[in-house]
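I opened the notebook to look up two regions of this fold. My entries follow the coordinates.

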Amino acid sequence: MGKFDGKVAFLTGGASGLAERAAKDFAAEGAKVVIFDFDKENGLRVEKEIKDAGGEVLFIEGDVRKSDLVEAGVKQAFEKYETIDFLIHSAGILKDGMIHKLSEEYWDDVINTHLKGFYLTLQACAKRWIGYCKENPKEKIAEYPDRRVITISSQAAEGNIGQLNYAAAKSGMIGMVKTAGLELIRYNIKSHAIMPTLIETPILGELLSKQEGKWRKYYSGRIPLGIGESKYVSQVILFLCSDAAWFMNGEVIGINGGRLDKV
Ligand SMILES: NC(=O)c1ccc[n+]([C@@H]2O[C@H](COP(=O)([O-])OP(=O)(O)OC[C@H]3O[C@@H](n4cnc5c(N)ncnc54)[C@H](O)[C@@H]3O)[C@@H](O)[C@H]2O)c1
């Protein structure tokens with residue numbers, strides 16, 4: 001018996017990093033997992049790894065910035081598994097630049113991936129969830145199916161040098177989950193954001209290895225418990241989707257390795 005037997009998790013960005021780990025952890029706990037990502041090679045790799053471990057999984061190639069692809073992906077997930085219980089928006093990119101040099105292209109790419117991607121996936125799920133509730137009205141909110149929405153913000157939401165676009169996207173996500181929390185709770189949909197500090201995943205590219213490990217040393221010194229691992233984030237995502245978090249809504253949760261100052 002797994003903790004999430006019979007549940008369906010839809011993870012954007014599940015072909016790598018934090019959502020790859022969460023997808024594997026969900027599957028190991030009995031959830032059916034849908035990975036929505038534009039990286040086909042890694043999406044198929046993760047799909048195979050989950051299947052080989054005995055899990056139920058579907059990889060859908062798609063771009064969170066494109067409404068038609070998001071709609072088609074969410075539709076396909078509903079058709080295959082009848083529902084989505086947990087939406088995890090983890091698709092993300094870094095395109096850093098100092099303010100005076102940051103290109104419009106970098107601005108648009110980061111804002112569209114993180115914010116528009118969240119808007120589109122949330123809307124595609126919410127309209128189906130709300131449609132179901134309207135067709136099956138209940139007296140009490142708690143009688144509606146229990147849905148969770150988790151988006152991955154960042155400690156950089158509080159500001160970070162060279163990340164005007166990323167900080168805007170990550171703080172924008174907080175407004176979005178607060179709004180979703182207010183608007184969607186009437187349908188028993190609970191929304192949260194998590195704010196990890198630096199976690200070692202492919203999004204960092206060469207950051208930790210370049211300049212003879214200068215930045216690895218820097219971050220190891222700045223984060224009291226050390227540079228993070230994806231399991232620290234995954235376990236919070238799974239908690240926020242668990243029965244233990246049933247009474248929580250609209251929370252913004254730091255996963256900070258003990259670090260309370262800026263990034
Ligand atoms: N790793 C960290 O230190 C850290 C810290 C705080 C927040 N985050 C956030 O966590 C999320 C996941 O990051 P990660 O560390 O797992 O990075 P990652 O690069 O390992 O994974 C991101 C995934 O998103 C996918 N993706 C990117 N743009 C996409 C798009 N338009 N459509 C579909 N898929 C797309 C990529 O293909 C990749 O598989 C991101 O939002 C990131 O900003 C990461």
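Which residue in strand 3 does valine 34 stand opposite? I found leucine 58 there.

**Ground rules.** I worked on a predicted model, where local features need pLDDT of at least 70, side-chain atom pairs count only at pLDDT 80 or more, and totals for chains, interfaces and linings use all residues. Residues are numbered from 1 along each chain as its sequence is written. My helices (H or I, at least four residues) and strands (E, at least two) are DSSP runs, numbered from the N terminus.

**Entry 1: strands 2 and 3.** I looked up how the two strands pair (at least two DSSP bridges between them). Strand 2 and strand 3 run parallel, joined by six bridges. With helix 2 they form a right-handed β-α-β unit. Right-handed here means that, with the strands pointing away from the viewer, the path from the first strand over the helix to the second runs clockwise.

**Entry 2: helix 2.** I checked its length. Helix 2 covers residues 40-52, and its 13 residues should span 18 Å at 1.5 Å a residue; the end C-alpha atoms are 18 Å apart, which agrees. The expected span is 1.5 Å times one less than the number of residues.

Next I checked burial. I call a residue buried if 20 or more other C-beta atoms lie within 10 Å of its own, exposed if 12 or fewer, and partly exposed in between, with C-beta atoms placed from the backbone. Gly43, Val46, Glu47 and Ile50 are the buried residues of helix 2. Seen down the helix axis, they fall within an arc of 105°, so they line one face of helix 2. The arc is taken from the directions from the axis to the C-beta atoms. Glu41, Lys48 and Asp52 are exposed on the other side.

What covers the buried residues? The cover includes helix 1 (17-28), strand 2 (32-37) and strand 3 (56-61). Contact means C-beta atoms, placed from the backbone, within 7 Å. Just after helix 2, glycine 54 has a positive phi of about 95°.

**Entry 3: strand 6.** Eight of the eight residues of strand 6 (residues 189-196) are buried, so the strand is largely enclosed by the rest of the structure. Ile189, Ser191, Ala193 and Met195 point one way; Lys190, His192, Ile194 and Pro196 point the other.

I then looked up its partners. Strand 5 (residues 147-152) runs parallel to strand 6, with six bridges. Arginine 147 has isoleucine 189 as its bridge partner. Strand 5, helix 5 (residues 164-184) and strand 6 make a right-handed β-α-β unit. Strand 7 (residues 252-255) is also parallel to strand 6, through four bridges. Isoleucine 194 pairs with isoleucine 253 there.

Methods
Two residues are in contact if their C-beta atoms, placed from the backbone, lie within 7 Å.
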